[in-house]
Amino acid sequence: MESIYIVKVGGAIVEDEQRLGQLLRDFSALPGRKILVHGGGRSATSLAERLGLESRMVNGRRVTDEGMLRVATMVYGGLVNKRVVARLQAEGVNALGLTGADGNVIRGHRRPVTADGTDFGFVGDVEWVDARLLSTLLEAGMTPVMAPLTHDGRGQLLNTNADTIASEVAKALADCYDVTLLYCFEKSGVLRDPNDDSSLISVITPADFERFVADGTVSGGMIPKLKNALQAVATGVKQVIITRADAIDGHHGTVIKAEQ
Ligand code: ADP
């Protein structure tokens with residue numbers, strides 16, 4: 001099987017011109033087929049604040065009302081996505097920007113109200129990914145750049161966690177490719193002490209994950225990130241690594257394993 005890299009770049013890197021530039025250069029240098037998935041959380045929040053909209057978080061996820069969805073569409077699907085595409089073009093990568101609605105590549109549905117009555121608003125859970133379309137684009141020499149938005153097929157765009165998009169795309173491509181999924185962000189990986197970059201946890205299994213959630217070692221956005229990472233390795237993705245944005249070529253960081 002051919003191999004492919006799927007690189008998810010976190011919000012703090014997308015926000016930082018210099019680190020984003022470095023990441024995009026390193027991404028461009030990766031050999032062969034590749035897909036970039038970007039977040040962009042903080043820039044949407046700050047624009048929403050400037051527009052006088054409030055943003056609310058529940059369990060590490062943003063509650064998305066109509067106004068927030070518009071801002072997310074403008075920022076993720078517009079500014080962030082198109083700037084990344086233009087910069088990859090400058091690096092010689094034939095990048096193609098996509099939301100889930102473009103080419104009907106990712107279908108989602110609005111997340112149901114939870115048992116405790118939490119309504120996340122216009123937030124999408126992924127139903128399916130069109131692996132055939134992605135593969136057609138890849139084989140035509142293009143590099144999809146995916147924004148964290150899906151659609152429900154009835155005209156509704158949905159704000160969708162970028163880590164989830166990355167793992168769903170990885171899982172969908174795992175039948176046809178040897179997939180390496182890299183979650184890159186501002187820290188060296190999953191840490192024993194989130195403030196100490198040298199306290200890297202080198203391997204995480206499902207049992208470790210349960211323990212780290214229970215004892216508070218991992219929290220916030222790291223919990224859904226690890227859930228997505230574990231699901232990907234359990235579903236045929238060959239390699240999943242959580243790493244620093246400036247280390248994507250070296251494969252350092254936390255390796256996610258399905259078994260002990
Ligand atoms: P992204 O930067 O990819 O958008 P999130 O902000 O959702 O991702 O999740 C990453 C964040 O998780 C880190 O910035 C950090 O604050 C937090 N975090 C919680 N526990 C840990 C941990 N044990 N190791 C590293 N980061 C952690």
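Asp-208 is buried, with a relative accessible area of 10%. Buried denotes under 20% relative accessible area, exposed over 50%, and partly exposed the range in between (1.4 Å probe, protein chains only). The model is predicted: local features need pLDDT of at least 70, side-chain atom pairs count only at pLDDT 80 or more, and totals for chains, interfaces and linings use all residues. Residues are numbered from 1 along each chain as its sequence is written, and side-chain values use heavy atoms, with hydrogens and water left out.

Asp-208 pairs with Arg-211 in a salt bridge, the closest N and O atoms being 3.3 Å apart. A salt bridge requires a side-chain nitrogen of Lys or Arg within 4 Å of a carboxyl oxygen of Asp or Glu. Both residues lie in helix α7 (residues 206-214), three residues apart, so about one helical turn separates Arg-211 from Asp-208. Helices (H or I, at least four residues) and strands (E, at least two) are DSSP runs, numbered from the N terminus. Arg-211 is partly exposed, at 45% relative accessibility.

The salt bridge count comes to 15. Among them, Asp-16 and Arg-19 meet at 3.0 Å, N to O. Asp-16 is partly exposed at 25%, and Arg-19 is partly exposed at 36%. Arg-110 and Asp-119 form another salt bridge, at 3.5 Å, N to O. Arg-110 is partly exposed at 39%; Asp-119 is partly exposed at 34%. Glu-2, Arg-33 and Glu-139 are linked in a network of salt bridges.

The ligand is surrounded by 17 residues, each with a heavy atom within 4 Å of it. The closest are Lys-8, Glu-186, Leu-191, Thr-217 and Lys-225. By class, the shell has six nonpolar, six polar and five charged residues. A ligand oxygen lies 2.9 Å from a side-chain N or O atom of Lys-8. A ligand oxygen is also 3.2 Å from a polar backbone atom of Gly-11. For the side chain of Glu-186, the distance from a ligand oxygen to an N or O atom is 2.7 Å. The protein covers 82% of the 570 Å² of accessible area that the ligand has on its own (Shrake-Rupley method, 1.4 Å probe).

Thr-160 sits in the loop between β10 (157-159) and α6 (162-173). Thr-160 is buried, at 3% relative accessibility. Residues touched by Thr-160 include Gly-124, Val-126, Pro-148 and Ile-165, not counting residues up to four places away in sequence; contact means heavy atoms within 4.5 Å.

Notes
Polar contact = N/O pair within 3.5 Å; in protein donor to acceptor, adjacent residues only side chain to side chain. Nonpolar A, V, L, I, M, F, W, Y, C, P; charged D, E, K, R; others polar.
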